[in-house]
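Q: Can you walk me through this one? I'd like to take a residue or two, then the interfaces.

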Amino acid sequence: MTFLRVTGLTKSFGGVRAVDGVDFTVRANDVFSIIGPNGAGKTTLFNLLSGLIAPDAGAVILDGEDVTGLPAHQLATRGLSRSFQNLQVFFNMTALENVMVGNHRHTARRFLPCLLGLPSVRDSERRTRVFAEELMHYVGLERYIHAQAAAMPYGALKRLEIARALATRPRILLLDEPAAGLNPAETAHMDALIRRIAEDGITVLLVEHDMHLVWSVSDHILVLNHGRVLAEGGAREIRANPQVVEAYLGHRARER
Amino acid sequence: MLSEFLQFLFSGLTVGAIYGLIGLGFAVIYNASHVINFAQGEFVMIGGMATVFLMAAGLPMPLAVVLAIAGAALVGWLLARIGIETARGAGVVGLIIITIGASILLRGLAQVVWDRNFHPLPPISGDAPIHVFGATLLPQSLWIGAALIAIMAALRFFFDHTRTGKAMQAAAIDPLAAQLMGIDIRRLVRLSFVLSAALGALAGVLVAPITMTYANVGVMLGLKGFAAAIVGGLGNPLGAIAGGLVVGIAEAMTAGYLSSAWKDVVAFVIILFVLLFLPNGLFGRAEVHRA
Amino acid sequence: MSNQLLQRHGGLALLAAIIAAGPLFLDNGFHYNVAILAGLNAIVCIGLNLLIGHAGQISLGHAGFFALGAYASAILPERFGFHPLGALLTGALLVGLLAFAIARPILRLRGHYLAMATLGMGIIVSIVLDQKVDLTGGPDGMVVGDLTLFGQALRGNLAWYWLVGALLFVTTWMALNLVHSPVGRALKAVHGSELAAAAMGVDVFHYKVLVFVLSAVLAAIAGSLFAHYNGFVTPDEASFIHSIQLVTMVVLGGMASIAGSIVGAVALTLLPQLLADFHDYEMIVFGAILMGTMILLPTGVVPTLAARIRERLA
Ligand SMILES: Nc1ncnc2c1ncn2[C@@H]1O[C@H](COP(=O)(O)OP(=O)(O)OP(=O)(O)O)[C@@H](O)[C@H]1O
Ligand SMILES: [Mg+2]
């Protein structure tokens with residue numbers, strides 16, 4: 001079943017066509033990976049899908065609904081959430097509060113009840129806290145529940161962003177380079193975490209440069225280059241595609 | 001009719017040139033450090049007041065002016081060294097607050113070290129007005145115009161033909177890359193404060209014969225200079241000067257044709273208008289985020 | 001959780017105790033005067049801190065809202081026959097609407113631009129109050145009538161002390177509720193990262209406007225009460241320097257700290273009185289505090305002390 005359909009999506013910055021007529025469809029419950037060299041437009045694509053920037057052209061259909069150009073917070077309401085390549089953690093809060101923000105749409109957040117501290121708000125806060133603590137356990141951050149986010153190590157922050165995104169109760173989760181900067185043990189943990197999220201019925205869109213991780217978790221892979229779709233298919237097809245090897249894999253191999 | 005209009009135009013161009021000079025100081029500092037220096041007006045005050053008191057102590061005017069400008073430059077250096085460098089992590093809001101603190105501190109010091117009175121400065125070459133189509137023009141206005149042109153030429157030369165000037169331009173465009181290329185950003189920031197303090201002090205000397213000078217003279221002048229910088233597009237030096245002329249002329253026309261009571265509103269209405277509708281200024285760039 | 005609740009209620013109880021015990025220590029009219037003004041400033045600062053400290057949006061024009069509230073209470077009863085309470089509420093409502101109208105365009109701006117736009121707005125208010133002589137009395141200011149509650153004019157320091165004390169308590173209580181609710185968390189999220197906040201379903205713009213309006217309304221209410229208490233208002237209430245004083249209180253007390261807002265307001269209301277003999281040095285001290293706090297204690301006095309104490313206990 002198609003969960004996300006993208007057609008002709010286009011975005012330019014000045015003269016640069018960062019995303020250029022991209023089409024693809026994502027099946028529900030897949031781990032759908034998007035790879036491509038630096039500057040290929042992967043993050044821009046995520047920004048478009050999550051509503052942080054508006055496309056110049058094209059359409060995004062989420063679970064049958066046209067969501068093109070909706071602002072980010074409305075996409076969150078419709079079950080789309082994300083993590084960020086460059087950490088966007090709320091460093092002015094504790095780790096747990098970060099996750100609780102993710103649950104915002106499901107809390108009692110009307111102004112007057114909050115101002116008066118009504119019991120409905122306190123109940124909702126209690127539930128949110130318990131839920132956020134569960135998510136901290138889920139991503140393996142239980143020891144950081146009371147930590148200030150600013151005091152946490154980088155690898156933990158990567159997982160904190162995922163816990164926070166999960167707190168929105170997403171149906172589709174966009175992960176932008178979740179393993180970047182992680183050591184091998186942390187990457188293995190991330191691998192397991194992504195699988196588990198998918199098993200729990202959440203569709204995952206993954207942008208990642210760590211090819212081991214990509215081969216390991218992906219059901220389907222899309223290769224982006226200069227803002228365009230270069231190739232698409234299962235892991236085996238992609239690995240065997242000479243164009244991909246030239247544009248991306250070979251390029252990265254030379255870089256090493 | 002024409003003579004009246006010319007009269008307003010002359011006075012607008014005169015104060016506008018001063019606003020432009022002050023705005024230029026904002027632009028220089030902003031380019032080097034992305035700090036908005038709310039103490040810019042106090043450099044103007046120091047220029048005027050120091051000259052007044054040095055002359056009262058018996059120094060000849062040229063020497064007094066040079067010393068006043070050097071003194072303001074030293075204050076600029078201290079502000080960069082103590083206020084900005086030690087608080088690098090403070091963020092935009094923090095840096096705004098620090099420079100506001102410096103501005104209040106300097107005004108307080110001026111009231112104690114000097115006084116709270118209004119002081120005139122003698123104009124550079126007499127005050128016999130020149131008549132042009134029935135309007136009068138003070139020689140000081142011509143001096144201000146000449147100084148503005150000379151400074152623009154000097155800055156052009158500095159930014160385009162000296163190593164330090166080029167480094168400052170490079171740092172304004174991409175601080176990280178400039179740093180990687182071995183440019184010492186901290187030195188540039190200090191230099192930008194020194195330079196814009198000197199510019200501000202010079203503006204203070206030039207404007208004092210027309211408006212008089214006093215410990216709080218920098219408040220409004222600083223804000224008008226900021227308006228000039230915003231209108232010109234923050235960080236665009238030539239834009240700041242053009243912006244100063246726009247603000248000065250708008251103000252003079254309002255004072256002339258409407259009422260002098262409302263002239264101070266004009267600059268702020270222009271600020272709001274530009275911020276809301278032309279966030280890049282009339283001529284330049286600016287960072288603005290559309291949520 | 002219970003720990004946090006305990007802290008919150010403990011703090012409120014402490015505040016109530018201090019307010020209740022106040023009259024034991026306040027000896028004369030001058031003392032009461034300072035205490036009442038400190039309380040009014042604290043109410044403004046609590047709102048301003050929600051805006052600056054929690055949501056990370058600066059305003060250099062809040063004295064404008066304070067002054068508009070004050071003039072509403074001066075003008076509406078005198079010229080238009082409003083009941084003083086009606087005037088206070090109308091003033092708050094009008095300021096709220098004004099803040100809402102300007103917040104929408106202004107809050108799209110960030111950092112310097114927001115500082116400048118709010119500053120411009122505050123100065124425009126002060127010039128209008130200065131120039132609209134027929135309505136406001138111009139630079140000379142105008143006399144304000146008594147505040148009447150239940151048909152009785154509120155007179156005397158003690159009555160004013162209790163009124164302002166009660167209002168400060170209620171404001172603190174509500175602010176604490178708000179801070180420890182999804183709304184407060186959303187404000188902090190906007191401060192932390194607008195991108196992430198939006199991606200987590202927080203309507204960033206909505207919350208910016210909300211907190212701007214809320215802080216403006218609190219300033220207006222405090223301004224109204226100030227006008228009645230003082231019996232006199234001048235356009236100086238709207239001055240740039242007054243806006244800066246308010247920001248200084250917030251910064252000194254501590255960003256994103258309700259207790260800090262109160263401490264900052266009390267300290268900086270008291271300070272000029274203590275320095276009365278050194279009036280000439282007041283600005284020097286003010287400027288030095290502003291610079292010094294931001295450089296040496298960037299989080300403010302109360303959060304710094306709180307962190308020290310927590311370290312000791314741990
Ligand atoms: N806000 C922006 N303004 C201007 N250009 C931009 C902006 N965002 C992205 N770009 C440009 O768009 C292109 C695509 O960038 P993008 O960040 O999407 O690449 P990416 O595939 O995520 O790269 P990486 O693997 O390095 O993260 C690049 O040329 C980049 O410079
Ligand atoms: Mg990227």
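Q: Where is C:Thr172 placed?
A: C:Thr172 is in helix 7 (residues 157-179) of chain C. Helices here are DSSP runs of H or I with at least four residues, strands are runs of E with at least two, and both are numbered from the N terminus.

Q: What should I know about the model and the numbering?
A: This is a predicted model, where local features need pLDDT of at least 70 and side-chain atom pairs count only at pLDDT 80 or more, while totals for chains, interfaces and linings use all residues. Residues are numbered from 1 along each chain as its sequence is written, chains are lettered from A and ligands numbered from 1 in the order in which they are written, and side-chain values use heavy atoms, with hydrogens and water left out.

Q: Back to C:Thr172, buried or exposed?
A: Buried, because the relative accessible area of C:Thr172 is 5%. The cut-offs are under 20% for buried, over 50% for exposed and partly exposed in between, with a 1.4 Å probe and protein chains only.

Q: Which residues does C:Thr172 touch?
A: Leaving out residues up to four places away in sequence, C:Thr172 touches C:Leu12, C:Leu15, C:Ile46, C:Ile258 and C:Ile262. Contact means heavy atoms within 4.5 Å.

Q: And what lies 2.7 Å from a polar atom of the C:Thr172 side chain?
A: The backbone oxygen of C:Leu168.

Q: Switching to chain B. Where does B:Leu275 sit, and what does B:Leu275 touch?
A: B:Leu275 belongs to helix 11 of chain B, and B:Leu275 is buried because its relative accessibility is 1%. Not counting residues up to four places away in sequence, its contacts are B:Ile230, C:Leu109, C:Tyr113, C:Met116 and C:Ala117. The C-alpha atom of B:Leu275 is also 8.3 Å from that of B:Val231, 44 residues apart along the chain.

Q: How much area do chain B and chain C bury?
A: About 4000 Å², with 82% from carbon and sulfur atoms. Buried area is the accessible area (1.4 Å probe) that two parts lose on being put together, summed over both. Helix 3 (61-84), helix 4 (91-113), helix 9 (217-232) and helix 11 (263-277) of chain B each supply at least two residues of the side that touches chain C. Helix 4 of chain B gives the most, 16 residues.

Q: How many salt bridges and polar contacts are there across chain B and chain C?
A: The rule finds 0 salt bridges there, a salt bridge being a side-chain nitrogen of Lys or Arg within 4 Å of a carboxyl oxygen of Asp or Glu. It also finds 0 residue pairs in polar contact, both at pLDDT 80 or more. A polar contact is a pair of N or O atoms within 3.5 Å; within protein, one must be able to donate a hydrogen and the other to accept it, and residues adjacent in sequence count only if both atoms are side-chain atoms.

Q: What about chain A and chain C?
A: Chain A and chain C bury about 2800 Å², 67% of it on carbon and sulfur atoms. A:His104, A:Phe111 and A:Leu115 supply 20% of the area that chain A buries against chain C, more than any other three residues. The rule finds 1 salt bridge across this interface. A:Glu125 and C:Arg185 form a salt bridge through their side chains, at 2.8 Å from N to O.
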